[in-house]
Amino acid sequence: MQLLSRTLMQLLFLALVTLLGITSVCSVHGFQQFSFCEEELRHYRDETEQLFRHAYNHYVELAYPFDEVYPIKCRARTRNFEDPLDHPTNDVLGNFSATLIDSLTTLAVLGDVSAFRSAVRLVERDLQPDFSIDATVQVFETTIRILGGLLSAHLYATDPTKKVYLGSDYDGFLLQRAQRLADRLLPAYSTRTGIPLPRINLAHGLRHVPATLQQENNAAAMACPMLEFTMLSYLTHDDKYRNIARYAFDVVWSLKSKLDLLPMSFSPHDGTPFNKFTGTGASIDSFYEYALKGAILFDDEELWDTWEGSYYALRKHSRNDWFYANIDVDSGQVITPWIDSLSAFFPGLQVLAGDLEDAKMKHLMFLKLWNTYGALPERWEFQPQDLTGESPQELSCVPLPWYPLRPEFIESTYFLYRATKDVFYLKVAWTILEDLKALYKTPCGFAGLQNVVSGERQDRMETFVLSETLKYLYLIFDTHNELHSDSSNTVFSTEAHPLWLRASDLAAYKSCRGFNNSHNDTVPVLSGEDPKESFFVRLLGAFMLSAFPKAQKGLRLLPLNQLSAKNGGQLKPQSSARMCAISPSSSAAFLHSSMLSEFSRLFEIEHRYSETLLRPRRLFHRTQMELNPKFYETWSGWDQAKLHDGMCMCLAAPTTESYEMLFSEALSDLEAPDARSARQVPLGNGTVMHRIELAVLAGVRLRIEVLLPGALDIYGRKIEQSLFESISRENVLDKNMFDVSDTNAAEDQDSSATSMGPLYRATAVDGMMLPFDGVVHLLKLSALNSESVSGGLLGYNRENMLLIGGVPVINLLVDEA
Ligand code: DMJ
């Protein structure tokens, strides 16, 4: 009986833990660190709040009404009034109290009604009501920081369900200011293309902006004001903001390549791309973000299609195991060997899109970077480059070595914690909190690093430190925040300002909407232009891009080892040693972090990128955050049942080589494919069938693993010789199409079996990873016969396995149509 009730109690406890997503190891007085009980979380939340107040109060006392405070010098940081052409300084400092406005919604998230009210009063009292400020600023930055800050603060101030609701004390002036500011920014859209120029002078429009500063704009900046401008239209019922910014968004997306990949930078004057590469980081990041968030916020199917199309293309061409690489928009080939700190936001966006598993993988890469540097370097190289150069190797791995306390890594951590409730992410947040206190706190705020290797500081606190970095950190620990229990489809803007669309606002908008062109009477337009021929009239007849780059013909094979050598690549095989650094604890805890105990690739990154993940001397004493002994002991949950061959469950590094293959149209007589025709069909028995019509193989991207007997494959299994004996070798046309003789894969192989030649296995189709026993069925193309097609490149054998260059692909089966 006693045993039964104890078991029942344990079950109840377990249910409670599962329900809450946290455990409760708090003692009556205080907490045991890394229990992550309610009390401990409250403690970290309060510490984060104190950090925010430390920086915010110093700004208000020492620097307000200017834009920023120097966190070390402890005085106002202003735009460069002497040199209006100093755009690196001036782009985000419009002399409009930027830190105050960007911080409004953090005060709202803290639920501090008195501080929020005081800050709103400062805006009312001091901010130039019509924004006629002689300051040339970036349109995008001003939109996300200032316009977005005002809009979101207005939503908080007018929503009776929010703690900082201002009721009758507030007359809506934040929205009016936002509208005045938008009116000042709109002339930037007066281009032939309808996509905005990067900069504008708030008082004088475009007249005072030198042409040299207007030649190039990036994809994110050209497309993204769409979200804030659309929100503004919903709230003011004036449709022009939405129409103009949305038109630009759609034009930007129309500039994508034939592979649905959008270059990062263009001429806003004629839409010519300035470069031909893309990725998920700087210059393009918020484009994806606003396609998805716009779809959610405005229930907009076209934006959803844009998100789906752009994300599909990224997954297909740019996805690597641990990050999204920068690739050429026409060939899909990796062209730069680095990733940047801004791309750390992407796992958070993937969570929002429901792609949790890939989000965890990509987030882990940034976690390992944080382990290495206590920061995210602005740019980190995953392939060693400058080995003969002058600079020490640890410096050459970070060609852009600064870290200005950007929020992206903590932002993704927030989304992953909300989605998984895995304490693993609380540990990440705790580590960042400790680092903020120990490495970044200064007398008057927080200073980032000029160099993550040397530790040299930057006397700068960008407004996003208060608007985003500390807000996301606070929200991780504040599990009961009102944002976490509302059902209004709230999204965070790219500057972390919460935006939501109330049913009442939507209804009012629908009944009152109209296109109001009145601001053109007061706002300066382009010099020499006739204001009556307003730019939106011209927009309606604006250009559409017609000339796409010509498709390359034929099947291209992209050997990943060559990419590694030349362009930075993927899947570089390492030694076959097991990668787990931990010996199992004898204590069997039943509470565990799923990332620690079920994810079998937790320590792979260190091995794969050991040549460029180089911890700076100043941080030699640091331990990996996930291996902090106390945390690991508590949450790894190791017990005998979880041990595998006497070792913990970490995958061994593969010794196989992998290739990417992109089939192009020359292989098919038929129409170019719909890239999305490759669909997963679950068969219900654990296997997944990928059905692709061979007739539309053109456009399909395959990742092929080269199998040799005795090698360890990417699934952590030894490749048995029996596999080779069982497969028919008919129709072998060119066994040596891939030269595998010089790869590391040969090291462990059984030499007698190697003479049989390799087999291939597809491990990903269009970026979708295949499970170990995943099989892809191809419908037989009429031209495909047991001989070959396309100059002997493709065929199939007696077991209906596709032959590529005569080598059977064991899991690509050719079916009768
Ligand atoms: C912020 O201003 C925004 O997050 C923007 O989208 C990207 N850059 C900074 C933070 O790094």
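User: Which way do the side chains of strand S24 point, and are they buried or exposed?

Analyst: In strand S24 (residues 801-804), Met801 and Leu803 point one way, Leu802 and Ile804 point the other way, and all are buried. Buried means under 20% relative accessible area, exposed means over 50%, and partly exposed is in between, using a 1.4 Å probe and protein chains only. Strands (E, at least two residues) and helices (H or I, at least four) are DSSP runs numbered from the N terminus.

User: What sort of model is this?

Analyst: This is a predicted model, in which local features need pLDDT of at least 70 and side-chain atom pairs count only at pLDDT 80 or more, while totals for chains, interfaces and linings use all residues. Residues are numbered from 1 along each chain as its sequence is written, and side-chain values use heavy atoms, with hydrogens and water left out.

User: OK. How many bridges join S23 to S24?

Analyst: Three bridges join S24 to strand S23 (residues 794-796), and the two run antiparallel. Two strands pair if DSSP finds at least two bridges between them. Tyr796 stands opposite Leu802 in S24.

User: What is in the turn?

Analyst: S23 and S24 form a hairpin with four residues between them. Asn800 sits in that turn and has a positive phi of about 65°.

User: And how does S24 connect to S25?

Analyst: Four bridges join S24 to strand S25 (residues 807-815), and these strands run antiparallel. The bridge partner of Leu803 in S25 is Pro808. The hairpin of S24 and S25 has two residues between the strands, and Gly805 there takes a positive phi near 55°.

User: Switching to S16. How many of its residues are buried?

Analyst: Six of the six residues of strand S16 (residues 657-662) are buried, so S16 is largely enclosed by the rest of the structure. Glu657, Tyr659 and Met661 point one way, and Ser658, Glu660 and Leu662 point the other way.

User: What does S16 pair with?

Analyst: S16 pairs with strand S19 (residues 701-707) in the antiparallel sense, over six bridges. Tyr659 stands opposite Ile704 in S19.

User: Now the ligand. Which residues are around it?

Analyst: Among the residues around the ligand are Ile144, Arg145, Ser286, Leu342, Arg406, Pro407 and Phe464. Here a residue is near a molecule or strand if one of its heavy atoms lies within 4 Å of it. By class, the shell has four nonpolar, two polar and five charged residues. Ala, Val, Leu, Ile, Met, Phe, Trp, Tyr, Cys and Pro count as nonpolar, Asp, Glu, Lys and Arg as charged, and the others, Gly among them, as polar.

User: How much of the ligand does the protein cover?

Analyst: The protein covers 94% of the 290 Å² of accessible area that the ligand has on its own. Accessible areas come from the Shrake-Rupley method with a 1.4 Å probe; for residues, only the protein chains shown count as cover. Helix H6 (139-157) and helix H18 (463-477) are the elements that give two or more residues to the shell.

User: How many disulfides does the structure hold?

Analyst: The structure holds one disulfide, meaning a pair of cysteine sulfur atoms within 2.5 Å. Cys74 and Cys444 form it, with their sulfur atoms 1.9 Å apart.

User: Why is it called right-handed?

Analyst: The torsion about the S-S bond of Cys74 and Cys444 is about 100°, so the disulfide is right-handed. The pair links distant parts of the chain, 370 residues apart.

User: Is Cys444 buried or exposed?

Analyst: Cys444 is buried, with a relative accessible area of 4%. Cys74 counts as partly exposed at 23% relative accessibility.

User: Last one: where is the cis peptide bond?

Analyst: A cis peptide bond joins Tyr64 and Pro65, with omega about 10°. Pro65 is in the loop between helix H2 (38-62) and S1.
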